[in-house]
Amino acid sequence: MNTVPSPSVSLPVDSVNLPFIGARTDTHSLFQYVLTGVSGDEASFAVPGWVALREHLEVGAGVSFHLPFATRADFFDEGEVIAARADAEQGGQVAVARLLGRSPLQYPLRAAVAEGRIRFGDEGDGPAERLTLVQALLRDCALTKQGVRVYFKHLVPLFSRITLFPTEEYAQLRTVLLEEIRGKILANVETLEKWTAEAQTFGPGDIVSRLDMEALRAVIEPEINNELFGTVFDLSAIKQYLDAIRLLERKLCLNYNTLVLLYAAELQG
């Protein structure tokens, strides 16, 4: 157990060199980015060539940053790219987005950006302990992924009742696609539950030594290919479930990015 309280989080925005998860608002495609600055209603960022998830962004593209930043007492994590260019040094792109949209999610944690520094608070906006936040976020990730599992469980029989696929083709689709996705979701739920239990035993320094951010990213990522499902199953009843799952996936990305911030703060001591 942790007997030494961790200090509340405060770190410069441009000191976080770990990649966050973002998404295009049109296709919901994920990409990783490095935040390079936040000023007023603008965020500058890079999509370097070395990240695992890349996306080419053009001016006018809508993006979700999935960051818990408070601005004017509201949470803004969606924006529109207003500048983008190739990055010769690291490959990929560097870009600037204007923050326009308030996320509909109700975040249990908040990070205020003041004078270029990030300060985390608890639900009452008081100082928050790093380890306490990490434990809460992992627990919330497990519960949220379990919600994805429940929604998808309801989707599978719905496919068989309302899709127009011949019986033989649907049986093949269910075996190859639907059961594989359901198995991946279940495996990720079990992994997150295991990590949540392990986090309760964390002591000083364990956030960095025992939390594998790359493995966590792989578990957080959506199991469902939104573009594929949107094309193959373009039906309103199915779309309602997919929209609900996407909302949960947004929360998972937000939680992951919050964990990235906490991890970066722990690296800096």
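Trainee: Which residue of β3 is the bridge partner of Phe 20?
Mentor: Tyr 33. This is a predicted model, where local features need pLDDT of at least 70, side-chain atom pairs count only at pLDDT 80 or more, and totals for chains, interfaces and linings use all residues. Residues are numbered from 1 along each chain as its sequence is written, and side-chain values use heavy atoms, without hydrogens and water.
Trainee: How do β2 and β3 pair, and over how many bridges?
Mentor: Antiparallel, over 4 bridges. Strands are DSSP runs of E, at least two residues, and helices are runs of H or I, at least four, numbered from the N terminus. Two strands pair if DSSP finds at least two bridges between them.
Trainee: What sits between β2 and β3?
Mentor: A hairpin turn: 5 residues separate the strands, and His 28 there has a positive phi of about 65°.
Trainee: Which other strand does β2 join?
Mentor: β5, residues 62–64, through 2 bridges, also antiparallel. Arg 24 has Val 63 of β5 as its bridge partner.
Trainee: Is β2 buried or exposed?
Mentor: Buried. All 5 of its 5 residues, 20–24, are buried, so β2 is largely enclosed by the rest of the structure. Buried means under 20% relative accessible area, exposed over 50%, partly exposed in between, with a 1.4 Å probe and protein chains only.
Trainee: Which way do the β2 residues point?
Mentor: Phe 20, Gly 22 and Arg 24 go one way, Ile 21 and Ala 23 the other. In a regular strand, side chains alternate between the two faces of the sheet.
Trainee: Back to β3. Where does Gly 37 stand on burial?
Mentor: Gly 37 lies in β3. Its relative accessibility is 17%, so Gly 37 counts as buried. Its C-alpha is 9.2 Å from that of Val 96, 59 residues away in sequence.
Trainee: New topic: helices. How do α4 and α6 cross?
Mentor: At roughly 170°, with axes that come within 10 Å. The axes are lines fitted to C-alpha atoms over the stretch in contact, and angles run from 0 to 180 degrees between N-to-C directions. α4 and α6 are therefore roughly antiparallel (over 145 degrees).
Trainee: Which residues make that contact?
Mentor: Contact means heavy atoms within 4.5 Å. From α4, Met 213, Leu 216, Arg 217 and Ile 220; from α6, residues including Leu 252, Tyr 256 and Tyr 263.
Trainee: And the whole chain, how much is buried?
Mentor: 49% of the 269 residues. The chain has 6 helices and 10 strands.

Technical notes. Parallel < 35°, antiparallel > 145°, perpendicular 65-115°, else oblique.
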